[in-house]
Amino acid sequence: MKTFYYLFILVFVISCANPQKLVENSEYEKALNVSTRRLKKGKAKWKNLDAFEKSFRELTMQDSMYVKSLRAEGRPEVWPEIYDKAVAISKRQLKVTPVLNRLNGSDFEPVISLYPADALLEEAADNSALYYYAGALEFLETARSGNRQDARQAYNLLRRCRDYRTNFKDAPLMQQEMYEIGTTHIAIQALPTRFGQPIGYELVREVINGKKYPYREAWHVFHIDAPKNEEIDYFAQLQFHDLNIGWERESFSCCRNSEEVEVGCIEEKQWNAKDSVWVTVRVPVFETVSVEVRTYEQEKSASLQMNYNLIDAQSGETVIRRDFRGSVNWENVYSEVCGDTRALSFMCEDEGGYRQSYPNDSFLLLSAACDVRRGFYRELRRGVD
């Protein structure tokens, strides 16, 4: 049964690798690949050449008819599709070039006609660039009147245009113009708190830390306060309240443990009844040892609230209002051991460490502000157009 199975697989693989069979089954792409591979090296055979010529001609004819049908539609939007087809034709012809070069002038020289792919590529590139350029022009008027979304549409269409022709007409300059119009500028502002402006500024700096301002993310540029050379679209106002500092707390627990440990051995004479003699044996000596462990836990915490308002610079209206809560808990655990450390066990163990000074209030508040950072940036990116 296994022999029959393997024989079936072998026959199937051989038939699939037979370029003539592939042509008969209208699998022209596979037939061309197999025949090309065989004609590139080794001894050329008529059956492989025949499959090569037939599959290449059929594929070229199909592509020619496809391009012709697209042209007949007369729609500008078909040109990117024609361009892609021209690229595919060019790649296929490049792939068979080694076979044509190898068999040129021999008895096995292929009789095929190459499609004028380069000319089609040039024509399709020009018309594809024109198609996207014309599409961008439709958004130009509204974009220049201040519509950022239309400016981004125009920018993307001009980018596609320049994929085909980098310096098509004035597309580079227009794309840069749309990039600037489509950009949203947000100024981050710190509002005074009743706890004093210096600490308020420090907390804001901690929240927005990690960025070099102004910095850009996609279509958004973030500034610290309003720049002189840019028109601001939104103000992101931050104000802190409910700043809470916990007490310096310290608690401790105590455990005691005793263990019997071997401290040495002594020699004793013992009667060996089997051999009827006295023998010397070493007997271990045990001693009870004890230990006391006092484990201390230091704690201090802080929390705060940050009010976030996103204000439309033109209308002065609040677009988004949110509160963020940040908190931090500082702790330190250490132990003091009194007694014999050999009595330590998993029920009464030494935590190590040492007593530390409690962090000051400002440090903890800044750490709590840092806890707000990730949520703030996520909201800031999501909340503007």
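Leu-121 lies in helix α6, which spans residues 117-144. The model is predicted. Its mean pLDDT is 88, and 94% of the residues of the protein reach 70 or more. Where pLDDT is low, the predicted coordinates should not be read in detail.

- Val-87 is 34 residues away from Leu-121 along the chain, yet their C-alpha atoms are separated by 7.0 Å.

**His-223 in β3**

- Strand β3 covers residues 220-224 and includes His-223.
- His-223 is buried because its relative accessible area is 7%, against a cut-off of under 20%.

**Helices α7 and α8**

- Helix α7 is residues 148-164, and helix α8 is residues 171-181.
- Their axes come within 8 Å and cross at roughly 150°.
- That angle is over 145 degrees, so α7 is roughly antiparallel to α8.
- The crossing of these two helices, α7 and α8, is left-handed.
- On the α7 side, the contact is made by Arg-148, Ala-151, Ala-154, Tyr-155, Leu-158, Arg-159, Cys-161 and Arg-162.
- On the α8 side, Ala-171, Pro-172, Met-174, Gln-175, Met-178, Tyr-179 and Ile-181 take part.
- By class, the contact of α7 with α8 has eleven nonpolar residues, one polar and three charged.

**Helices α3 and α5**

- Helix α3 is residues 28-40, and helix α5 is residues 79-103.
- Their axes come within 9 Å and cross at roughly 35°.
- The crossing of α3 and α5 is left-handed.
- From α3, the contact draws on Glu-29, Leu-32, Asn-33, Thr-36, Leu-39 and Lys-40.
- From α5, Arg-92, Lys-95, Val-96, Pro-98, Val-99, Arg-102 and Leu-103 contribute.
- By class, six nonpolar, two polar and five charged residues make up the contact of α3 with α5.

Conventions
Residues numbered from 1 in each chain as written. Predicted model: local features only at pLDDT ≥ 70, side-chain atom pairs only at ≥ 80, totals over all residues. Heavy atoms only, no water. pLDDT = per-residue confidence, 0-100. Helix = DSSP H or I, 4+ residues; strand = E, 2+ residues; numbered from the N terminus. Axes fitted to C-alpha atoms, helices over the stretch in contact; angles between N-to-C directions. Parallel < 35°, antiparallel > 145°, perpendicular 65-115°, else oblique. Left-handed = near helix turned anticlockwise from the far one by under 90°. Contact = heavy atoms within 4.5 Å. Nonpolar A, V, L, I, M, F, W, Y, C, P; charged D, E, K, R; others polar. Buried < 20%, exposed > 50% of the residue type's maximum accessible area, 1.4 Å probe, protein only.
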